[in-house]
Amino acid sequence: MVSVGEAATLRWAADTESGAPYVFYKSENMQQMTGFEYDIAMALAKKLNREPVFVQNAWEGLVLGLESNLYDIAINGIEILEERQKIVNFSEPYYATYLQIVTRQGETRFKNLSDLAGTKVGTLSGALSEKVLRAQNDVQVLTYESETLAHRDLTISRSDALLVDAPIAKYFSEINPRFQVISTPISSMTYGIAVSKKNPELLKEINKALNEMKASGELKEILERWALWNSATATLFDDQSPTRLKPVHFEEYKESLNLERTFKERIDVYQKAMPLLLKGAWQTVRISFSAMIVAVLVGLILVSLRLYGNRATAFGVAFFVEFIRGTPLLLQLFFIFYGLPSVGLEISAFTAAVIGLGLNYSVQESEIYRSGLLSVHRNQVEAAKMLGLNPWQTFWSVQVPQAFRFCLPPMTTDFIALIKDSSLVSVITMVELTKTYSVLSATYYDYVGFAVIAASLYILIGMPLVVLSRKLERVQA
Amino acid sequence: MIKIHNLSRKVTEDFNLENISFELPTGSILTLIGKSGSGKSTLLRCLAGLESYTVESEIKPKRIGFVFQSSNLFTHLTLEENIKLALIKVQKKSGAEADQICNSVLEQVKLSNRKTYYPKHLSGGQQQRGTIARALALKPELILYDEPTSALDPELVDELFELMLELKKTGLTQIVASHDRDAVKKVSDYMGLMHHGHLQLFTEVGQAKSKFEGLEVEQQKYMQLFI
């Protein structure tokens with residue numbers, strides 16, 4: 001909802017990691033976004049007379065983000081499905097397509113869906129293709145977060161085939177000589193633009209704009225340029241006119257792909273990508289160090305309550321500890337970021353990330369502090385008591401300084417683990433180092449080279465902690 | 001004057017005390033002897049307030065110092081800081097006052113030149129005297145020692161006794177739990193024989209021999225080591 005007086009923007013969301021042809025970065029120019037849905041989003045914004053603003057979110061979180069009002073629409077190959085329609089509204093479909101089987105080059109076993117029985121088939125998690133596969137008997141379903149990884153596993157025979165949306169088959173499988181696409185269309189689906197149910201006005205506007213684009217042929221032209229126009233869509237739009245435009249973008253994409261890069265070309269690519277990687281690394285550092293501070297403070301509170309509180313607080317602490325320890329960090333992040341807004345608490349992604357990671361690690365920290373405190377000799381505490389120090393003074397003047405020495409090594413380990421766990425925050429729209437790596441590796445079809453760089457950056461981020469910790473240990477000794 | 005009437009502790013099977021009663025004049029030194037497990041340390045800790053107990057009536061000073069068998073001084077603070085910690089935080093003395101008191105007690109225990117040392121750089125005997133100095137700084141009326149000589153070299157034991165006798169001159173009451181035979185002979189005014197949680201015998205050291213007869217053979221044998 002745009003209120004009077006606010007500048008009119010159209011915040012649209014997609015996951016750039018999902019790659020071509022949907023929404024992705026050009027490999028020759030990492031700042032430039034492209035894709036057929038990018039084109040559609042830009043056209044819509046123009047028609048609605050709003051400023052387009054892009055919001056990156058992980059594909060699994062796209063619909064959730066709408067509910068939290070992080071953006072106005074989500075457009076990213078989201079199939080219009082009944083269970084999704086219970087949660088969000090969909091525009092009129094802007095594309096109709098189907099699934100196809102992808103196999104290694106030279107494979108002859110599979111001609112249709114039933115041939116897949118008894119094999120391992122990969123697909124994207126959460127997509128319609130996953131549902132279709134699971135409905136088959138005797139198929140072992142392997143789900144992936146990215147097309148690149150799904151294809152990689154097919155290459156090394158971890159899977160026997162893939163079942164993917166036709167556009168993916170065209171842009172990932174067909175153009176790669178290692179794969180072949182079985183042309184038989186399987187099932188059918190339509191993509192729609194997801195809009196929050198709280199925003200029926202916007203839905204009307206979007207549909208009006210889409211219909212205009214269909215009628216004028218603008219939508220068809222976009223799809224043609226991306227080599228995506230098919231008979232299913234022609235039927236959907238009721239437009240059987242012949243194809244006129246050349247698939248310019250598809251050709252551009254094929255050229256840019258450059259699957260066999262020379263060493264020098266690869267070094268060039270790494271150099272070009274460094275600013276992005278450093279940006280991602282900076283996010284990782286910001287998030288991790290802020291979360292560490294939260295973890296230490298909350299950890300200290302937890303341990304004081306546990307050791308010196310009354311029955312009621314001890315119970316509360318125990319409950320909190322078991323809850324945090326017993327549930328996955330990923331779920332906790334989801335809960336804080338997507339769940340809290342529904343009870344009126346809207347927080348930024350950064351705050352949610354810091355709170356989520358911080359609380360999660362506070363529990364481990366409190367256990368470290370507890371064992372550190374228990375290692376302090378009983379006589380030290382009793383001596384303090386005999387000198388008249390009260391428990392609070394004893395805690396801070398005697399126990400904590402001595403316990404600190406014992407706590408340092410496990411704390412360092414804990415924080416390095418936190419830095420690595422920070423990679424999870426990509427599911428709540430934060431683009432940190434691991435997500436940057438994923439997007440880059442998908443764009444350039446290079447997972448090893450970028451992985452080495454990303455891993456080195458992680459080690460560098462953790463270095464100061466290790467050095468500081470060793471220094472402190474020596475001082476204490 | 002310290003007056004204890006029927007002090008008991010029934011918490012576990014092993015650390016029980018039953019109906020302990022005695023009277024100790026101010027400024028005297030009492031040594032509690034007895035085999036391991038007889039309750040010497042437990043009684044000491046009860047008097048200090050470190051363990052719970054029941055008692056019919058008791059008169060004892062408010063400010064009590066305690067010298068543990070080991071690990072007394074705060075390891076993360078210098079000797080000076082150890083002494084000044086409670087002065088500043090508990091007695092709310094100013095920095096200058098604390099300095100003055102600190103220097104004075106260090107002189108008393110002859111550790112002035114070790115003021116800035118950390119406990120790990122002090123010998124066992126020095127750590128103990130440091131602990132005593134720290135307790136003295138708060139001006140206690142009673143000091144309790146739990147096996148103070150167990151970890152000391154023989155030469156240092158005499159040094160400790162010397163210090164205790166000097167402190168006695170300032171009117172300080174002292175109670176020692178000890179295995180050490182010399183503790184009774186060289187330093188004590190009173191002795192208490194502990195056995196299975198009972199105070200079997202409480203007497204002035206000079207009159208110990210006359211109370212001999214009333215004891216069981218085993219205990220007589222034990223006492224003989226001390227007098």
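**Figure 1. Glu80(B) is a buried partner in a salt bridge.** In this predicted model, Glu80(B) has a relative accessible area of 15%, which is under 20%, so the residue counts as buried. Its side chain meets that of Lys115(B) in a salt bridge, 3.9 Å from N to O. Glu80(B) lies in helix H2 (residues 79-89) of chain B, and Lys115(B) lies in the loop between helix H3 (95-108) and helix H4 (124-136) of that chain, so the pair ties together parts that are 35 residues apart in sequence. Lys115(B) is partly exposed, with a relative accessible area of 24%.

**Figure 2. Glu382(A) and Arg378(A) pair within helix H15 of chain A**. The closest N and O atoms of this salt bridge are 3.8 Å apart. Helix H15 covers residues 378-386. Is Glu382(A) buried or exposed? Glu382(A) is buried, at 9% relative accessible area. Arg378(A), in contrast, counts as exposed, at 53%.

**Figure 3. A network of salt bridges links residues of chains A and B**. Which residues take part in the network? From chain A come Arg378(A) and Glu382(A). From chain B come Arg9(B), Arg45(B) and Glu51(B). Over all chains, a search of the whole structure finds 34 salt bridges.

Figure 4. Side chains of opposite charge can pair when their charged atoms come close. Glu130(A) is buried, with a relative accessible area of 16%.

**Figure 5. Helices H11 and H16 of chain A pack against each other**. H11(A) spans residues 263-308, and H16(A) spans residues 391-421. Their axes lie 12 Å apart, at an angle of about 140 degrees. The two helices are therefore oblique to each other. Their crossing is right-handed. On the H11(A) side, the contact residues include Thr284(A), Ser288(A), Ala291(A), Met292(A) and Tyr308(A). On the H16(A) side, they include Phe395(A), Trp396(A), Gln399(A), Met411(A) and Phe415(A). How many residues of this contact are nonpolar, polar and charged? The contact has 13 nonpolar residues, four polar and no charged.

Conventions. Residues are numbered from 1 along each chain as its sequence is written. Chains are lettered from A and ligands numbered from 1 in the order in which they are written. This is a predicted model: local features need pLDDT of at least 70, side-chain atom pairs count only at pLDDT 80 or more; totals for chains, interfaces and linings use all residues. Side-chain values use heavy atoms; hydrogens and water are left out. Axes are lines fitted to C-alpha atoms, for helices over the stretch in contact, and angles run from 0 to 180 degrees between N-to-C directions. Helices (H or I, at least four residues) and strands (E, at least two) are DSSP runs, numbered from the N terminus. Angles under 35 degrees count as roughly parallel, over 145 as roughly antiparallel, 65 to 115 as roughly perpendicular and the rest as oblique. A crossing is left-handed if the near helix is turned anticlockwise from the far one by less than a right angle, and right-handed if clockwise. Contact means heavy atoms within 4.5 Å. Ala, Val, Leu, Ile, Met, Phe, Trp, Tyr, Cys and Pro count as nonpolar, Asp, Glu, Lys and Arg as charged, and the others, Gly among them, as polar. A salt bridge is a side-chain nitrogen of Lys or Arg within 4 Å of a carboxyl oxygen of Asp or Glu. Buried means under 20% relative accessible area, exposed over 50%, partly exposed in between (1.4 Å probe, protein chains only).
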